[in-house]
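Please look at the sequence and the model shown here. A short report on the model follows them.

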Amino acid sequence: IGGGTSNAKALATATATGITGGDGENTLVNLSAGTINAQATATGNASSYKIDLVGAGVAKAGIDANATALGVAGGKDADTIRNDGAITAGATSTLTSISKTYEMTGAGIADARSNAVSTAAGIDGADGENRIVNRSTGSLTVTSSATAASGGLSATIGITGALAGST
């Protein structure tokens with residue numbers, strides 16, 4: 001009886017490169033037995049519950065996750081990138097966002113948000129006038145991780161609200 005609204009959205013994006021060379025004037029070399037490993041993992045989970053028995057209720061859950069791992073990239077003009085062996089880059093974003101509201105009369109609001117961003121490079125060289133050399137050891141290892149969790153709960157007789165946010 002009466003009111004409602006339950007909203008859940010999620011976005012998870014993962015990008016891994018492992019040598020690219022867009023937008024003119026690139027020379028990309030890894031050689032000396034090679035091996036480039038770029039991993040990106042973005043995991044998301046969003047839940048929103050709303051149960052009514054009289055009254056009104058709003059339950060929202062939102063989530064964003066971005067993970068980017070490059071392992072050499074080079075973009076736009078004037079790149080020269082060299083490495084001479086072994087690049088490892090990794091990026092991980094893990095999220096959970098839960099929002100619940102239960103009403104028995106009255107009104108209830110529960111809102112949960114999460115936002116996690118993770119970026120790893122392992123040589124980038126974007127946007128003009130680059131010359132990057134990594135010959136001495138010929139090895140790069142980069143790791144990045146972001147985790148966010150949010151929860152909101154509202155059980156109502158009367159008016160209540162619960163908000164949670166993570167970044």
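The report goes from the whole chain to single residues.

This is a predicted model, in which local features need pLDDT of at least 70, side-chain atom pairs count only at pLDDT 80 or more, and totals for chains, interfaces and linings use all residues. Residues are numbered from 1 along each chain as its sequence is written, and side-chain values use heavy atoms, with hydrogens and water left out.

The protein chain has 10 strands and zero helices. Helices (H or I, at least four residues) and strands (E, at least two) are DSSP runs, numbered from the N terminus. Of the 167 residues in the chain, 35% are buried. Buried means under 20% relative accessible area, exposed means over 50%, and partly exposed lies in between (1.4 Å probe, protein chains only). Among contacts with a separation of 6 or more, 83% are between residues 24 or more positions apart; a contact means heavy atoms within 4.5 Å.

| Residue | Relative accessible area | Class |
|---|---|---|
| Ser 118 | 1% | buried |
| Gly 74 | 4% | buried |
| Asp 84 | 18% | buried |
| Arg 82 | 26% | partly exposed |

Ser 118 is in strand S8, residues 107–120. Not counting residues up to four places away in sequence, Ser 118 touches several others, including Asn 66, Thr 92 and Ser 145.

Gly 74 is in the loop between strand S6 (56–69) and strand S7 (87–104). Leaving aside neighbours within four places in sequence, the contacts of Gly 74 include Thr 20, Asn 26, Ile 81 and Asp 124. Gly 74 and Ile 19 are 55 residues apart along the chain, and their C-alpha atoms are separated by 8.0 Å.

Charged residues come next. Side chains of opposite charge can pair when their charged atoms come close. How many salt bridges does a search of the whole structure find? The search finds one. A salt bridge is a side-chain nitrogen of Lys or Arg within 4 Å of a carboxyl oxygen of Asp or Glu. Arg 82 and Asp 84 form a salt bridge, with 3.1 Å between the closest N and O atoms.

A negative surface patch is made up of Asp 23, Glu 25, Asp 77, Asp 124 and Asp 127. Patches consist of residues with over 30% relative accessible area and no salt bridge, with like charges joined within 9 Å and nonpolar side chains (Val, Leu, Ile, Met, Phe, Trp, Tyr) within 5 Å. Glu 25 is in the loop between strand S2 (11–16) and strand S3 (36–43). Glu 25 counts as exposed because its relative accessibility is 59%.

Definitions and conventions. Areas by Shrake-Rupley, 256 points an atom, 1.4 Å probe, with all protein chains shown as cover. Lys, Arg positive; Asp, Glu negative; His and termini not counted. Charge placed at Lys NZ, Arg CZ, Asp CG, Glu CD.
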